[in-house]
Amino acid sequence: MKKIVTFLSIALLSMSCESNLEDLNTDKKHPSSGSVPSSTVFAAAETNLIDQMVNTNVNRNVFRLLAQQWTQTTYTDESNYDITTRKVADAVWLRFYFNILNNLKDAKALVNAEKPIGTQQAIEKTNKLALIELLNIYSYQKLVDTFGNIPYSESLDPQNVNPKYDDAKTIYADLAKRLDAVIAGVNTSAGSFGSADLVYGGDMAKWLKFAYGLKLKMGLMLADVDAATSKTMVEAAAKGVFSSNSDNTALTYYSNVPNTNPIWVDLIQSGRKDYVPANTVVDLMNNLSDPRRSVFFGQLNGKYVGGPYAAGGNYTNFSAIGDVFQKPDLEGLIMDYAEISFDLAEAAARGYNVGGTAEQFYNQGIKASMSYWGVSDADITAYLAKSSVAYATATGTYKQKIATQKYIALYNRGFESWTEWRRLDFPIFNVPANKTYADIPTRFTYPVGEQTLNELNWKAASAAIGADKVNTKLFWDKF
């Protein structure tokens, strides 16, 4: 019930131009510059962040399409790499800078204005600031991994409407320093935002594991461009990451509007009959007789049939997206035990000391994913015994083996799936008609608004990264 009330408060905050914010409760012990307490502003930022990562709105999140998890049957523009017509990049940019980072900035100001009473409240204040900083770091990393160079050191300044773009690798280095400071500063003996933290309920021990997981992931992103830094970061992070699915970073959604998973809004409430599982992932899982197919996809005449990627077709001729993804209360994941396990597998395969072997962590990742989706222990054991799955006998290099299983485990996690494909180059994707493999997007082009309103800085950023094209590779994407 507390989460539902907080969701409603967030809905009011999101409609602030039309709502009377004076009606929101004020925490008298924690004065703010307005009537909205820091907890509500933080919850809004947290919800906006996870909503953006998990939604499948064709106007602002097309990553399941770029990852070839899904494809479109009627309006195939985005599947054919057109993100300009609907100004998808503009929407992503706006969501992160305005709806997420700006809210986090406001939440920080409100927390800084709070006057704690006693040691416990002082520690909680420190933890609140650490949690805000952690989501800032996560958000800026996602922006870098989407666009490359971005406004960073001059961002969020209302007096500077034309911020410069900072170098992406330099931003990564600064984010890593900020992340180390968060990890060092978190006090797990105290809470933070309590029930206003809709993910972990203010449990800082859980958030600390998330922070270590983020450090692990950022370290691996650097593996092909700065191996020494990568190794140092990953080995330091490995000790503190998730140890089970109970650690997963997820937002609970509910069956009542407006507290539903945005996927339900995009698929069911909207009445859209355009998305189907793409043959890229369906064929891969068919070849492995993967037991997760019954969860991920519906059957068509007793078979799992993927839509030909980007080719369109009749919606009824292909398997439907699995029923679980059409439920309004499906939780929204942004980090889970399975992906962390595969990260550790890759690190071990690269020779990093992470407390286990590549094969051990690879098996752990498969088990974590299958357990999460309700696959029986017997089916998990049988799957791992397949020669096409077992780490020792599966096809390809360590990158191909790990990337293939990680790709399956990241189903419905479009952004992460697309990112891992860009970084590890597996599995092999399908190519739309009149395109080449080199045309597959490896980044988003900058927003149209930046090109017109911040032209000089946009031009400088475009030149710095090579060109403002969807197939320009980011600094960490070397192969």
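In which loop is Pro-258 found? Select Pro-258 to begin: it is found in the loop between β2 (249-251) and α9 (262-269). Helices (H or I, at least four residues) and strands (E, at least two) are DSSP runs, numbered from the N terminus. The model is a predicted one, in which local features need pLDDT of at least 70 and side-chain atom pairs count only at pLDDT 80 or more, whereas totals for chains, interfaces and linings use all residues. Residues are numbered from 1 along each chain as its sequence is written, and side-chain values use heavy atoms, with hydrogens and water left out.

**Backbone features**

Pro-427 is placed in the loop between α16 and α17. For context, most residues other than glycine have a negative phi, and most peptide bonds are trans.

Move to Tyr-81, which is not a glycine and yet has a positive phi of about 75°. Tyr-81 lies in the loop between β1 (70-72) and α4. Is Tyr-81 buried or exposed? Tyr-81 is buried, with a relative accessible area of 8%; buried means under 20% relative accessible area, exposed over 50%, and partly exposed in between (1.4 Å probe, protein chains only).

Then select Ser-289, a non-glycine residue with a positive phi of about 45°. Ser-289 lies in the loop between α10 (279-287) and α11 (293-296), and it is partly exposed at a relative accessible area of 39%.

**Two helix pairs**

Show helix α2 (residues 38-54) together with helix α4 (residues 88-113). These two helices pack at an angle of about 155°, with their axes 8 Å apart. Axes are lines fitted to C-alpha atoms, for helices over the stretch in contact, and angles run from 0 to 180 degrees between N-to-C directions. The helices α2 and α4 are therefore roughly antiparallel to each other; angles under 35 degrees count as roughly parallel, over 145 as roughly antiparallel, 65 to 115 as roughly perpendicular and the rest as oblique. A crossing is left-handed if the near helix is turned anticlockwise from the far one by less than a right angle, and right-handed if clockwise.

Turn next to α12 and helix α13 (residues 358-372), which pack at an angle of about 165° with their axes 8 Å apart. This pair, α12 and α13, is therefore roughly antiparallel, and α12 passes α13 in a left-handed crossing.

**Salt bridges**

Side chains of opposite charge can pair when their charged atoms come close. A salt bridge is a side-chain nitrogen of Lys or Arg within 4 Å of a carboxyl oxygen of Asp or Glu, and by this rule the count comes to 23 salt bridges.

Select Asp-343 and Lys-217, which form a salt bridge with the closest N and O atoms 3.4 Å apart. This pair links distant parts of the chain, with Asp-343 in helix α12 (residues 337-349) and Lys-217 in helix α7 (residues 204-221), 126 residues apart. Asp-343 is buried, with a relative accessible area of 1%, and Lys-217 is buried at 12%.

Remain at helix α12 and select Glu-339. Which residue forms a salt bridge with Glu-339? The partner is Arg-413, the closest N and O atoms being 2.6 Å apart. Here too the pair links distant parts of the chain: Arg-413 is in the loop between α15 and α16 and Glu-339 in helix α12, 74 residues apart. Both Arg-413 and Glu-339 are buried.

Now select Asp-468 and Arg-443, a salt bridge whose closest N and O atoms are 2.9 Å apart. Asp-468 lies in the segment after α18 (455-465) and Arg-443 in the loop between α16 and α17, so the pair ties together parts that are 25 residues apart in sequence. Asp-468 counts as buried at 16% relative accessibility, and Arg-443 is buried with a relative accessible area of 0%.

Select Asp-425, which lies in the loop between α16 and α17 and is partly exposed, with a relative accessible area of 25%. Finish at Ile-428, found in the loop between α16 (414-424) and α17 (448-453) and exposed, with a relative accessible area of 56%.
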